[in-house]
Amino acid sequence: MKLVLQSKNIEITDAIRDYVNQKIEKAVSHFENITTGVDVSLSVAKNPRIAASQVAEVTIYANGAVIRAEEASEHLYASIDLVADKISRQLRKYKERSFTKKDRTDGIKDIGEELDLELLDYNLTDNRSATLPAEVVRTKYFAMSALTIEEALAQLQLVDHDFYMYRSVETGEINVVYRRNHGGFGTIQPRPTVVEK
């Protein structure tokens, strides 16, 4: 297993490096057969108003899936402990899930009951134009395999973000599934364009 350790606003000492290796290897030890790489990022917020300024973030690449966890606390070692526990739980969830065709049809009832999927039928921009920052700060590239909505929701829970972009199995188009502020999930799908003759 390849572990890459990065830092921001903190110097990585040998003690920190050894602690990260020990904790992350222990968390991933039962899942080495599915894990291809691990990225660990440690950072310290410079703002004194932020109490939980010591942040540990772990990204694991497992069989084409990305599993991510982030934890923050007042102490770096505590953040590492918390994120190691969290990533271990997420790996266990991932391993328990199977994305076979049989599970796709069985899972529709289970996950579909929890969903509050909305198809928005109005103009989301309200005649506003999009404005972008003066410069692109970061660019990410991801391989997007075709997924069902249920698989995309499972991936959303694994990456610990508010949204997840994926290519729809049904349409082949890029869709977004997101966590709603008041609970449940939503989806954003491209509206079919109507060609006028």
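The structure is a predicted model, in which local features need a pLDDT of at least 70 and side-chain atom pairs count only at pLDDT 80 or more, while totals for chains, interfaces and linings use all residues. Residues are numbered from 1 along each chain as its sequence is written, and side-chain values use heavy atoms, with hydrogens and water left out. Helices (H or I, at least four residues) and strands (E, at least two) are DSSP runs numbered from the N terminus.

**Confidence**

- The pLDDT, the predictor's confidence in each residue from 0 to 100, averages 79 over the protein, and 79% of the residues score at least 70.
- Confidence is highest in helix α1, at a mean of 92, and lowest in helix α3 (residues 101–114), at 45.
- The pLDDT is below 50 over residues 104–123; this stretch has 24 contacts in the model beyond near neighbours in sequence, a contact meaning heavy atoms within 4.5 Å.

**Strands and sheets**

- Strands β1 (residues 2–8) and β2 (residues 35–44) run parallel and are joined by seven bridges; two strands pair if DSSP finds at least two bridges between them.
- S7 stands opposite L42 in β2.
- Together, β1, α1 and β2 make a left-handed β-α-β unit; a crossover is right-handed if, with the strands pointing away from the viewer, the path from the first strand over the helix to the second runs clockwise.
- An open sheet of four strands has the order β5-β6-β7-β8, with mixed pairing.
- At the edges of this sheet stand β5 (146–147) and β8 (185–188), each with a single partner strand, so one side of each is left without a neighbour in the sheet.
- Two bridges pair β5 with strand β6 (residues 163–168) in the parallel sense, and A146 has R167 in β6 as its bridge partner.

**Nonpolar cores**

- A nonpolar core is a set of buried Ala, Val, Leu, Ile, Met, Phe, Trp, Tyr and Cys residues joined through side-chain atoms within 4.5 Å; buried means under 20% relative accessible area, exposed over 50% and partly exposed in between (1.4 Å probe, protein chains only).
- The largest core has 28 residues, and V20, I24, V40, L42, V58, I60 and I67 have the most contacts inside it.
- Two or more residues of this core come from each of α1, β2, β3 (54–62), β4 (65–73) and α2, and α2 gives the largest share, seven residues.
- A second, separate core has eight residues, among them I149, A152, Y166 and F185.

**Helix α4**

- Ten of the eleven residues of helix α4 (residues 149–159) are buried, so the helix is largely enclosed by the rest of the structure.
- The buried residues of α4 include I149, L153, L156 and V159.

**Selected residues**

- There is one aromatic pair, counted where ring centres of Phe, Tyr and Trp (its six-membered ring) lie within 6.5 Å; planes under 30 degrees apart count as stacked, over 60 as edge-to-face and the rest as tilted.
- The rings of Y19 and Y77 have centres 4.7 Å apart and planes at 75 degrees, so the pair is edge-to-face.
- This pair links Y19 in α1 (residues 14–28) with Y77 in α2 (residues 76–96), 58 residues apart.
- Q54, in strand β3, counts as buried at 16% relative accessibility.
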